[in-house]
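I opened my notebook to look up charges, contacts and surface patches. My entries follow in the order I made them.

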Amino acid sequence: MLWFVCFFNYADRQALSGVAPKLKEDFGFTNDEMGLIGSAFMWVYAAAAPLAGFIGDRLRRKDLILGGCLFWSLITVMTGWCGKLWQFVSVRALEGFGETFYFPASMSLVSDYHSPRTRSRAMSFHQSSVYAGTILGSWLGAWFAGHWGWRSGFYFFGAAGMGLAIVLYVLLREPLRGQSELAAPTTEPPGIGLVLRDILRTPTGVALMVVFAGANAVAGVFLFWTPTFLKEKFHFELAMAGLSGAVYIHLASALSVPLAGLVADRLARRMAGGRMLAQALGLLAGAGFVALVGLTETTGILILAMICFGLCKGFYDAGIFASLYDVVHPRSRASAAGLMNTVGWVGGALATKLTGWYADHGPFASPVANMSHFIAFGGLLYLAGAMVLLVLVVFFAKRDVMR
């Protein structure tokens, strides 16, 4: 059930990326203005995430998940009514506010159904919905734009999401907090001081959030700018740019993430930092492919690099929340996911906005050349993240997981 909610969580936000080239043509938006539209979602998503997490540790998570789905689906419909820059920025900001309640509540809920023995596999299966939503949201948004106008895709996704939320209000069940791990599941919500101690008391928890900021900066750029990049640099047709910008990377991630979950669960049984080790390997292997996507001039090499990057990305993504939950008490896990999203999506918002600014103002010969080099810079962020995770595995993980 959560797989389908998360599918629409990503399809709704990604539909705009698929039609970004069309919006530039119809409304004359610059790259800098498109970066503002793309980052508006991320700024509000990041700013509201701690509140979403704190509430998620206190209220029924089912209500937050499905109430949020109804809200963001309505905003998706409203996106089809926009015609001015401030309107697009406003609806994207509101969509970010609605969607920020999903992951803290849902990841906390999944952790109560799955103990550390199966948690990575469960969260990896859930993660595959992110890729499915990204692929179909981007492609269908562009496909609707080519056949019935760019507004029609937002009407379709919004209506479908509202229908799903209504059905799941009958079917989704709320577990006890901590039931998969604690002898006496917690019922009393923790105070804010205890929550902050639960989240910040270990170097591992803090460092995992910093690494997520870098990895999500790379992801944010690819999520929003890839269709535009493919259309302007490699001259893809609009619908094909929307599909190709998502399918090669995210289908590869969807294929690798179940294996990553299995590997992470097995490594976690053998060593305290096993999940983080799997993530580090994904970042380390993916760094070169990120740079290659930005710098290549050949379509065949581009596609191969996107596929390989996607495979590596799946290994990192599989452990984003599972690794954090190894060092956070069950009573504070929604709050931890909220703070994690804040840190991560600040990175995504900054990188998305800076991509548009750098494309228009960078030192290279053209906007697309500037964008190419900015994308390639993401490889350094992946490499730095891998080094941090390896340090955690060697020096901190055993102590912090036991604590």
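**Notebook: charges, contacts, patches**

Arg-117, Arg-266, Arg-269 and Arg-270 form a positive surface patch. I placed one of them, Arg-266, in helix H10, which covers residues 238-270. I also noted that this is a predicted model.

**Entry: salt bridges**

How many salt bridges does the count come to? I got 16. In general, side chains of opposite charge can pair when their charged atoms come close. I then looked up some of the pairs.

I took Lys-24 and Glu-232 to start. They form a salt bridge, and their closest N and O atoms are 2.7 Å apart. Lys-24 sits in helix H1 (residues 2-27) and Glu-232 in helix H9 (residues 203-233), so this pair ties together parts 208 residues apart in sequence. Is Lys-24 buried or exposed? Lys-24 counts as buried, because its relative accessibility is 16% and the cut-off for buried is under 20%. Glu-232 has a relative accessible area of 33%, so I wrote it down as partly exposed.

My next pair was Arg-61 with Asp-112. Their side chains meet in a salt bridge, at 2.7 Å from N to O. Arg-61 belongs to helix H3 (residues 61-79) and Asp-112 to helix H5 (residues 102-113). The pair links distant parts of the chain, 51 residues apart. I checked the cover on both partners. Arg-61 is buried, with 0% relative accessible area. Asp-112 is buried too, at 2%.

Then I turned to Arg-399 and Asp-400. A salt bridge joins their side chains, with 3.1 Å from N to O. Arg-399 is partly exposed, at 43% relative accessible area. Asp-400 counts as buried, at 1% relative accessibility. I also found a network: salt bridges that share partners join Arg-121, Asp-265, Arg-275 and Asp-326.

I looked up Asn-31 next. Its place is in helix H2, residues 31-56. Why does Asn-31 count as buried? Its relative accessible area is 6%, and buried means under 20%. What does Asn-31 touch, leaving out residues up to four places away in sequence? I listed Lys-24, Trp-225, Gly-356, Ala-359, Asp-360 and Pro-367.

I found it in helix H12, residues 299-317. Lys-313 is buried, with a relative accessible area of 8%. I set aside its neighbours within four places in sequence and read off the contacts. Lys-313 is in contact with Tyr-131, Ala-219, Ile-249, His-250, Ser-253 and Tyr-382.

**Entry: nonpolar surface**

I closed with the nonpolar side of the surface. Leu-284, Phe-377, Leu-380, Leu-381, Leu-383 and Met-387 make a nonpolar surface patch of about 520 Å². Which helix gives the most to this patch? I found that helix H15 (residues 367-402) does, with five residues. Phe-377 is in helix H15. Phe-377 counts as partly exposed, at 46% relative accessibility.

Methods
Residues are numbered from 1 along each chain as its sequence is written. This is a predicted model: local features need pLDDT of at least 70, side-chain atom pairs count only at pLDDT 80 or more; totals for chains, interfaces and linings use all residues. Side-chain values use heavy atoms; hydrogens and water are left out. Helices (H or I, at least four residues) and strands (E, at least two) are DSSP runs, numbered from the N terminus. Buried means under 20% relative accessible area, exposed over 50%, partly exposed in between (1.4 Å probe, protein chains only). Contact means heavy atoms within 4.5 Å. Patches are made of residues with over 30% relative accessible area and no salt bridge: like charges are joined within 9 Å, nonpolar side chains (Val, Leu, Ile, Met, Phe, Trp, Tyr) within 5 Å. Accessible areas come from the Shrake-Rupley method with a 1.4 Å probe; for residues, only the protein chains shown count as cover. A salt bridge is a side-chain nitrogen of Lys or Arg within 4 Å of a carboxyl oxygen of Asp or Glu. Lys and Arg count as positive and Asp and Glu as negative; His and the chain ends are not counted. The place of a charge is taken as NZ of Lys, CZ of Arg, CG of Asp or CD of Glu.
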